[in-house]
Amino acid sequence: MPAEISAEMVANVVQIVVAVDSEVAAGDTLLLLESMKMEIPVLAETGGTVTEIRVQEGDVVQEGDVMVVLG
């Protein structure tokens, strides 16, 4: 069952650390967000393979936007 990693706040996508087909473990950093001059790492909640990246560096995400899908 795919795991969708969603934004928890309005933020800018600063850096995408993973690529599609990357294997990740729980706790691995997927991307970095910036909000109110703070960088916030977005971590994988479970291990898996990155099947989709729905954002690009420079995008602004809204709370609830799906950013990465793990299969």
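Student: Which residue in β7 stands opposite Ala-11?

Tutor: The model is predicted, so local features need pLDDT of at least 70 and side-chain atom pairs count only at pLDDT 80 or more, while totals for chains, interfaces and linings use all residues. Residues are numbered from 1 along each chain as its sequence is written, and side-chain values use heavy atoms, with hydrogens and water left out. Strand β2 (residues 11-16) and β7 pair in the antiparallel sense over two bridges; two strands count as paired if DSSP finds at least two bridges between them. In β7, the residue opposite Ala-11 is Val-61.

Student: How many helices and how many strands does the protein chain have?

Tutor: Both kinds of element are DSSP runs numbered from the N terminus, helices being H or I with at least four residues and strands being E with at least two. From the N terminus on, the elements run β-β-β-β-β-β-β-β. The secondary structure therefore comes to zero helices and eight strands.

Student: Which residue in the turn between β4 and β5 has a positive phi?

Tutor: Strand β4 (residues 29-35) and strand β5 (residues 38-43) pair in the antiparallel sense over six bridges, and Leu-32 stands opposite Pro-41 in β5. The two strands form a hairpin with two residues between them. The turn residue with a positive phi, of about 50°, is Met-36.

Student: What is the bridge partner of Glu-23 in β6?

Tutor: A further open sheet of four strands has the order β1-β8-β6-β3, with antiparallel pairing. Its edge strands are β1 and β3 (23-24), each pairing on one side only. Two bridges join β3 to β6, and in β6 the partner of Glu-23 is Thr-49.

Student: Is Val-50 buried or exposed?

Tutor: Val-50 lies in strand β6 (residues 48-53). Leaving aside neighbours within four places in sequence, Val-50 is in contact (heavy atoms within 4.5 Å) with several residues, including Val-18, Val-20, Val-24, Val-68 and Leu-70. Buried means under 20% relative accessible area, exposed over 50%, and partly exposed in between, with a 1.4 Å probe and protein chains only. Because its relative accessible area is 0%, Val-50 is buried.

Student: Which element gives the most to the lining of the largest pocket?

Tutor: On a 1 Å grid over the protein atoms alone, a pocket is an open set of points where a 1.4 Å probe fits, with protein on both sides within 12 Å along at least five of seven lines, and lining residues have an atom within 4 Å of a point. Among the lining residues are Ile-5, Met-9, Ile-40 and Met-67. The elements giving two or more residues are β1 (3-6) and β5. With four residues, the element that gives the most is β5.

Student: What is the radius of gyration of the protein chain?

Tutor: This value is taken over C-alpha atoms, and the globule rule is 2.2 Å times the number of residues to the power 0.38. With 71 residues, a compact globule would have a radius near 11 Å; the protein chain agrees, with 11 Å.
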